[in-house]
Amino acid sequence: MPTVVAMPKLGFDMAEGLLVRWVKREGEAVEKGEILAEIETDKATVEVEATTGGVLRGLLVAEKTSVPVGTPIAVIGTADEPIDLAALLAEAGAAAAPPPAAAAPPPAGQMPIPPTPAAWAAAKASPLARRMAAERGLPLASLAGSGPGGRITKRDVEAAAAGTTRRQDAPGRTPAAALQTERVALTKLRSAVGRRMQTSKQLAPHFYLTSDLDAGPLMDLRVEFNALLPEPEKLSINDFIVKAAALALREFPALNASLEGESILRHGEIHIGLAVATDNGLLTVVARDADRRPLAELAESIRQIVARARQGRVRPEDIEGATFTISNLGMYEIEHFAAIINPPEAAILAVGAVRQVPVVHEGAVIPGWRMKVTLSADHRVTDGAEGARFMQALRQRIEHPLQLVV
């Protein structure tokens, strides 16, 4: 019996999704769990898996089309079974909201032919790269990807566009690169981030606490550990910080909380959100149960989630349920900054670069490693004294990091 695939609800507040790309083509065999399509929500571009196996008999929604949650987008059946599409959609409750591509009902027993754009190309590319390539008239198949697994990124499109411009110039002269004025539409993710941050800044009374931590012991311990680990399993500074913050949150549950109406919800789990820069904007992925998982296991989980986020392949569970967020800009050599709270969470920790500086020790100036961290907290949920004690607990773990691995 054929199965109707509907636009999934990939978040509690999701009303519609943008079908960015079909991964499978009509007529292709599909196994349960295989990726069918990429859906852009307010939070991320998410890969949607097939919930049943068979043959993809029909695509009901064209790429780059936004449709409400629950709208049929595809039909999976056996290779040659007759399909009465109208009856099938009626049974699926689609009569009240027909999908845009199915406006003209096909004859019974036949599937509609979906609009098949040139983006059927098998090349892998981020959604932003696809849009930029289309705007510049660059076929994806002609581009070489420098991202993971050969994925085409924004940088690849820009490089290709610059090369095209140079070839069109007069021979024998190397013109200066020209800047172009361009208008770029807001992605759903960028729009959502803007709305959430504006709301947070307007409604949540932020206060900020900054500490300058001695990162020397952590740097030494990391070197010792990584000397024993293969390259793919080496630990990052951020792995230690996530673990340290999660353990400190166990002592201060008021910071692992959300404001809900007239009450404060103190979460029983500690799920650390991690801000990740993607082509489409800032995305928060979630390291679950960060306080209870061994450091190496936690680090491996973070590597996998961050990689999926940067490849535009996050799963719904990758981005839902954070109870506290960490934003680390140390890799960009940012020394200090204050982050905006990610609502409805009560607090966020901003982490700067580990840097070698002169420090005073027992009356002498010696070289040392220092790292600035800043807590932004919601004054409706907690106060400065409690936030300061949390920072003390964090300091104690960062400056005595052996307890993070035992």
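Is Met331 buried or exposed?

## A surface patch

In this predicted model, Met331 is exposed, because its relative accessible area of 54% lies above the 50% cut-off. Met331 is placed in the loop that runs between β14 (324–328) and β15 (347–361). Together with Tyr332 and Ile334, Met331 forms a nonpolar patch on the surface, and the accessible area of these residues together is about 320 Å².

## Salt bridges

Side chains of opposite charge can pair when their charged atoms come close. In the whole structure, a search finds 14 salt bridges.

One of them joins Arg355 and Asp212, with the closest N and O atoms 3.4 Å apart. This pair links distant parts of the chain: Arg355 belongs to strand β15 and Asp212 to strand β9 (residues 206–214), 143 residues apart. Arg355 counts as buried, at 17% relative accessibility, whereas Asp212 is partly exposed, with a relative accessible area of 32%.

A further salt bridge is formed by Asp291 and Arg250, whose closest N and O atoms are 2.4 Å apart. Here too, distant parts of the chain are linked: Asp291 lies in the loop between β13 (281–287) and α7 (295–310), and Arg250 in helix α6 (residues 237–251), 41 residues apart. Asp291 has 9% relative accessibility and therefore counts as buried, the limit being under 20%.

## A further pair and a network

Glu297 and Arg293 also meet through their side chains in a salt bridge, at 3.2 Å from N to O. Glu297 counts as partly exposed, at 42% relative accessibility.

Notes
Residues numbered from 1 in each chain as written. Predicted model: local features only at pLDDT ≥ 70, side-chain atom pairs only at ≥ 80, totals over all residues. Heavy atoms only, no water. Patch = residues over 30% accessible without salt bridge, like charges linked within 9 Å, V, L, I, M, F, W, Y side chains within 5 Å. Areas by Shrake-Rupley, 256 points an atom, 1.4 Å probe, with all protein chains shown as cover. Salt bridge = Lys/Arg side-chain N within 4 Å of Asp/Glu carboxyl O. Helix = DSSP H or I, 4+ residues; strand = E, 2+ residues; numbered from the N terminus. Buried < 20%, exposed > 50% of the residue type's maximum accessible area, 1.4 Å probe, protein only.
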